[in-house]
Amino acid sequence: MNLSSPIASEAAQAFAPARYSGIAGKAVLNTGGASGIGRAMAHGFARHGARLMLLDLDATGLAATKAELQAAYPSVEVEVVTASITDPAAVEQACADTEARFGRIDILLNNAGISMNKPSLELTPDEWRRAIDIDLSGVFYCAQAAGRRMVRQGGGAIVSTASMWGLASSARRVAYCAAKAGVVSLTRSLAAEWAEHNIRVNAVCPGYTSTALVESLLARNAIDGEALLARTPLRRFGTPDEMAEVALFLSSDSAAFITGHALVSDGGWTADGF
Ligand code: NAD
């Protein structure tokens with residue numbers, strides 16, 4: 001499906017990335033950096049002069065993102081680690097590697113995730129566990145391992161990629177909605193608990209965004225693209241760059257008083273009938 005529309009092209013032309021202070025020189029651990037929103041975040045943070053550790057299961061995608069960043073920003077410091085966020089020991093090792101390379105972890109972009117669309121009566125225990133393991137438990141393991149270091153170093157910022165489905169709910173997405181609602185909830189809990197350590201914890205809640213994840217759902221007819229566009233007040237899908245922009249804002253000095261917030265970027269979906 002062609003995800004562009006007249007409104008989408010106008011929005012793309014009008015999109016001028018902002019510049020945020022407080023990002024240059026920061027050590028950033030970015031999960032899911034091989035693709036989609038995480039890849040766009042890597043570009044956005046590299047453009048701002050951050051130092052990047054990209055974590056993903058997809059070694060080929062990681063190498064591609066790293067090469068793109070080095071071509072676009074010749075002075076960028078970027079490393080990659082192939083690991084699963086569902087493995088607490090691997091997550092701990094990735095955080096240790098990030099600290100060894102950059103001396104600290106200032107920002108965690110807790111973004112890796114999968115979709116899980118299926119009627120509830122057909123969802124197998126393995127599918128339920130897979131969605132919860134990746135989309136919720138993995139997000140907690142990363143926050144905990146990075147958070148321990150942020151406590152020791154006296155501060156940091158965490159931005160997790162939840163979803164509009166963490167705030168709204170939907171048929172045939174029970175595991176995904178439950179996991180993403182869990183991400184919004186853990187964001188608030190950790191924000192309250194770690195504020196005394198100068199750690200801000202926020203979430204971005206994207207609506208439908210043009211990435212491989214959505215393309216694969218469209219290809220399998222797991223979602224109806226035309227119906228989704230018709231349901232979205234702005235009549236287009238979001239772009240990965242627009243989600244990266246939210247993560248940049250939430251990580252930056254501009255958001256210094258914002259913690260425990262779930263910022264929705266969904267073209268008006270949740271406003272219309274939520
Ligand atoms: P994507 O498939 O393009 O990228 C996700 C990345 O996460 C992939 O590179 C994948 O290899 C990686 N990943 C998956 N499981 C992993 C694991 N166990 N350990 C490490 N890495 C793993 O998808 P995307 O659309 O960029 O999604 C990024 C995040 O945004 C996800 O958390 C997703 O739920 C969320 N989100 C996406 C949309 C959308 O419409 N695209 C909407 C709302 C929320």
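Ser 115 is buried, because its relative accessible area is 17% and buried means under 20%, with exposed meaning over 50% and partly exposed in between (1.4 Å probe, protein chains only). Ser 115 belongs to the loop between β4 and α5; helices (H or I, at least four residues) and strands (E, at least two) are DSSP runs, numbered from the N terminus. Leaving aside residues up to four places away in sequence, Ser 115 touches Tyr 176, Leu 213, Leu 217 and Arg 220, where contact means heavy atoms within 4.5 Å.

The model is predicted: local features need pLDDT of at least 70 and side-chain atom pairs count only at pLDDT 80 or more, while totals for chains, interfaces and linings use all residues. Residues are numbered from 1 along each chain as its sequence is written, and side-chain values use heavy atoms, with hydrogens and water left out.

A polar backbone atom of Ile 37 is 2.8 Å from an oxygen atom of the ligand. For Thr 209, a polar backbone atom is likewise 2.8 Å from a ligand oxygen. In the case of Lys 180, an N or O atom of the side chain is 2.9 Å from an oxygen atom of the ligand. On its own the ligand has 830 Å² of accessible area, of which the protein covers 92%; accessible areas come from the Shrake-Rupley method with a 1.4 Å probe, and for residues only the protein chains shown count as cover.

Thr 209 is also touched by Val 214, whose other contacts are Tyr 208, Ile 223 and Phe 237, not counting residues up to four places away in sequence. Val 214 is part of helix α7 (residues 212-219) and counts as buried, because its relative accessibility is 3%. Between the C-alpha atoms of Val 214 and Phe 257, which are 43 residues apart along the chain, the separation is 33 Å.

Helix α4 (residues 88-102) can be examined from its ends to its faces. Its 15 residues should span 21 Å at 1.5 Å a residue, and the end C-alpha atoms are 21 Å apart, which agrees; the expected span is 1.5 Å times one less than the number of residues. Which residues of α4 are buried? They are Val 91, Ala 94, Cys 95, Thr 98 and Phe 102. Seen down the axis of α4, these buried residues fall within an arc of 100 degrees, so they line one face of the helix; the arc is that of the directions from the helix axis to the C-beta atoms. Ala 89 and Ala 100 are exposed on the other side of α4. The buried residues pack against β1 (27-31), β2 (51-56), β3 (78-82) and α5 (125-153). At the N-terminal end, Asp 87 caps α4, with a side-chain oxygen 3.0 Å from the backbone nitrogen of Ala 89. After α4 comes Gly 103, with a positive phi near 85 degrees.

Helix α9 (240-251) is mostly covered, with 10 of its 12 residues buried. Among them are Met 243, Val 246, Leu 248 and Leu 250. The buried residues of α9 pack against α2 (36-47), β4 (107-110), β5 (156-161), β6 and β7 (262-265). The 12 residues should span 16 Å at 1.5 Å a residue, and the end C-alpha atoms of α9 are 17 Å apart, which agrees.

Two loop residues deserve attention for their backbone angles. Arg 235, in the loop between α8 (225-231) and α9, has a positive phi near 55 degrees while being a residue other than glycine. It counts as partly exposed, because its relative accessibility is 41%. Asn 198, in the loop between α6 (174-194) and β6 (199-206), has a positive phi of about 65 degrees although it is not a glycine. Asn 198 is exposed, with a relative accessible area of 53%.

Technical notes: A polar contact is a pair of N or O atoms within 3.5 Å; within protein, one must be able to donate a hydrogen and the other to accept it, and residues adjacent in sequence count only if both atoms are side-chain atoms.
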